[in-house]
Amino acid sequence: MRRLELTEKALRKATVSLTEAANTDYLTGILNRRAFHLEIEKASQAPVEGMFVLLLDIDHFKAINDQYGHDVGDLVLVEVVNRITVNLRPQDLLARWGGEEFLILLKHSDLEAALNVAERIRCAFAEQAICVDELTIPLSISQGIANVDSISELTAAIRLADMRLYQAKQSGRDRVVWE
């Protein structure tokens with residue numbers, strides 16, 4: 001009986017580890033795209049009022065990888081997540097959306113609060129370079145914001161935030177675009 005209990009315990013532990021690995025970005029430790037969608041499915045069970053998505057991208061990130069190497073680029077991504085996270089509340093969701101793109105879902109928010117969060121995050125990079133391995137790397141980010149009327153419209157809101165992110169890039173980078 002003891003052997004069976006130990007085997008079951010080991011299987012439970014392995015299941016937890018595999019679930020965590022499947023749902024987290026291996027580099028930054030935040031939600032991956034798959035886990036973000038799973039969290040949204042859970043959230044759709046209980047409607048949330050006042051939601052906004054922020055899609056942000058590190059400006060000229062390819063140049064960082066090209067100039068300093070991918071190892072340094074990885075450390076920059078980890079620091080980016082740290083700086084974003086300190087500007088979020090526990091109920092907000094942060095996910096790595098693509099290589100250097102991150103998606104934030106602000107729950108129970110309004111436009112003013114969403115813009116304030118976006119601007120605080122932008123300033124966290126514009127006002128202080130990132131220090132990695134004795135290197136000082138100036139960094140800026142661009143963001144697009146969209147209102148989420150309902151979880152069922154989240155995909156459309158993400159597309160709109162992506163279009164606004166593109167506008168931020170086209171209009172000079174290091175900015176937040178809402179309209």
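Predicted model: local features only at pLDDT ≥ 70, side-chain atom pairs only at ≥ 80, totals over all residues.
1. Glu-134 counts as exposed because its relative accessibility is 85%, and exposed here means over 50%. You'll find Glu-134 in the loop between E4 and E5. Its backbone is worth a look too: Glu-134 is not a glycine, yet it has a positive phi of about 65 degrees. As background, most residues other than glycine have a negative phi.

2. Asp-174 is another non-glycine residue with a positive phi, at about 50 degrees. Look for Asp-174 in the loop that links helix H6 (154–170) to strand E7 (176–177). With a relative accessibility of 28%, Asp-174 counts as partly exposed.

3. Now over to Asp-59. Is Asp-59 buried or exposed? Its relative accessibility is 4%, so Asp-59 counts as buried; the cut-off for that is under 20%. Asp-59 belongs to the loop between E1 and H3. Setting aside neighbours within four places in sequence, the contacts of Asp-59 are Ser-140, Ile-141, Ser-142, Lys-169, Arg-173 and Asp-174. That list takes us back to Asp-174 from point 2.

4. Which side chain makes a polar contact with that of Asp-59? The partner is Ser-140, at 2.7 Å. Ser-140 sits in the loop between strand E5 (135–137) and strand E6 (141–148). Ser-140 also counts as buried, since its relative accessibility is 18%. Beyond its neighbours within four places in sequence, Ser-140 is in contact with Asp-57, Ile-58, Asp-59, Phe-125 and Asp-174. So Asp-174 turns up in the contact lists of Ser-140 and Asp-59, because in each case heavy atoms come within 4.5 Å.

5. Next, strand E1 (51–58). E1 is mostly covered, with eight of its eight residues buried. Met-51, Val-53, Leu-55 and Asp-57 point one way, while Phe-52, Leu-54, Leu-56 and Ile-58 point the other way. Residues in both of these sets are buried. In general, side chains in a regular strand alternate between the two faces of the sheet.

6. What does E1 pair with? E1 and E6 run antiparallel and are joined by eight bridges. On that side, Asp-57 stands opposite Ser-142 in E6. E1 and E3 run antiparallel as well, with six bridges between them. There, Leu-55 has Leu-103 of E3 as its bridge partner.

7. How many residues does the largest nonpolar core have? The count is 29, and the residues with the most contacts inside this core are Val-76, Val-80, Ile-84, Phe-102, Ile-104 and Ile-121. At least two residues of this core come from each of E1, helix H3 (61–68), helix H4 (70–85), strand E3 (101–106), helix H5 (111–126), strand E4 (130–132) and E6. H4 gives the most, with six residues. As a general rule, nonpolar side chains in soluble globular proteins tend to be buried together.

8. Not counting residues up to four places away in sequence, Ile-104 touches Phe-52, Val-53, Leu-54, Leu-56, Ile-84, Leu-88, Leu-93, Leu-94 and Ile-121.

Definitions and conventions. Residues numbered from 1 in each chain as written. Heavy atoms only, no water. Helix = DSSP H or I, 4+ residues; strand = E, 2+ residues; numbered from the N terminus. Buried < 20%, exposed > 50% of the residue type's maximum accessible area, 1.4 Å probe, protein only. Core = buried A, V, L, I, M, F, W, Y, C linked by side-chain atoms within 4.5 Å. Pairing = 2+ DSSP bridges. Polar contact = N/O pair within 3.5 Å; in protein donor to acceptor, adjacent residues only side chain to side chain.
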